[in-house]
Amino acid sequence: GLAAAGITTLTAVAVGMDRLLRPGAFPIKELRLEGEFVNLDPAMVQQIIVGELGDNYFSLDLAHIEQVVEALPWAREARVRRSWPNGLSVTIAEQHPVARWGDDEWLNENAQIVRLGDDVVIDGLVSLNGPNSSAKEVWHRYNEWAPMLRKVGLEVISIDVDDRFAWTLQISQTGASHATDVLLGSNDHERRVKRLTGSYSMIKEQVDTLLTMDLRYPNGMAITQGKFDKPNEVALNEVEQ
């Protein structure tokens, strides 16, 4: 008798689950979008989600919907949850670009590389470039060096890291249009940037004509001015001390 009762109970549970998961049994009737929509179109997002809903509240694949939303340009994170008895709530966080990365990508505040679309234009952001594996370090170095250079009146326009991990800064005087390439090489970057800030007062009057500043020297730098091909050597032994 106990065995028969157990079998009857299991059968009832199976039948109940079958009814719960049956297509069309519990359709989604309400969809709520939450978040700060600046660059994402809520109507477009809603339309995409509706296309992924299916027709049963209980069998809905929440993780799949999150992945679909996060694949949209400007969507950084999506959280999807059921709202009893027949609703769905989707919370979306947008991307916040902090720098340009390469030709057609961006970095968000976590130094993650994101693609926002070919027609996106955001003014006022530094341009960074390098192997994708270097993105976090390049962003970290920018945040370290930019305040140091700003104190002496210089702005970082761009940072480029080539395939051999040699670094080049592009700087300009604050508010000026002329830019100068600063060659840092592949090592000892922090000391070389400090040399630049320490020696800037010596070349401040010439900065508008500087094409390149090569800091890959142990105790000095080589500068190229205007249209001259021959670099001018500048000794910085006192600064090094």
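Trainee: Is Phe 165 buried, partly exposed or exposed, and what is its relative accessible area?

Mentor: Phe 165 is partly exposed, with a relative accessible area of 38%. Here buried means under 20% relative accessible area, exposed means over 50%, and partly exposed is in between (1.4 Å probe, protein chains only). A word on the source: this is a predicted model, where local features need pLDDT of at least 70 and side-chain atom pairs count only at pLDDT 80 or more, while totals for chains, interfaces and linings use all residues. Residues are numbered from 1 along each chain as its sequence is written, and side-chain values use heavy atoms, with hydrogens and water left out.

Trainee: What about the phi of Phe 165?

Mentor: Most residues other than glycine have a negative phi, and most peptide bonds are trans. Phe 165 isn't a glycine, yet its phi is positive, about 60°. You'll find Phe 165 in the loop between strand S8 (154-161) and strand S9 (167-173). Strands are DSSP runs of E, at least two residues, and helices are runs of H or I, at least four, numbered from the N terminus.

Trainee: Where does Ala 111 lie?

Mentor: Look in the loop between strand S5 (105-108) and strand S6 (113-114). Ala 111 also has a positive phi, near 60°, but Ala 111 is buried, at 7% relative accessible area.

Trainee: Which residues does the cis peptide bond join?

Mentor: Trp 84 and Pro 85, with omega about 10°. Pro 85 sits in the loop between strand S2 (75-83) and strand S3 (87-94).

Trainee: Which residues are buried in H4?

Mentor: Among them are Trp 139, Tyr 142 and Leu 149.
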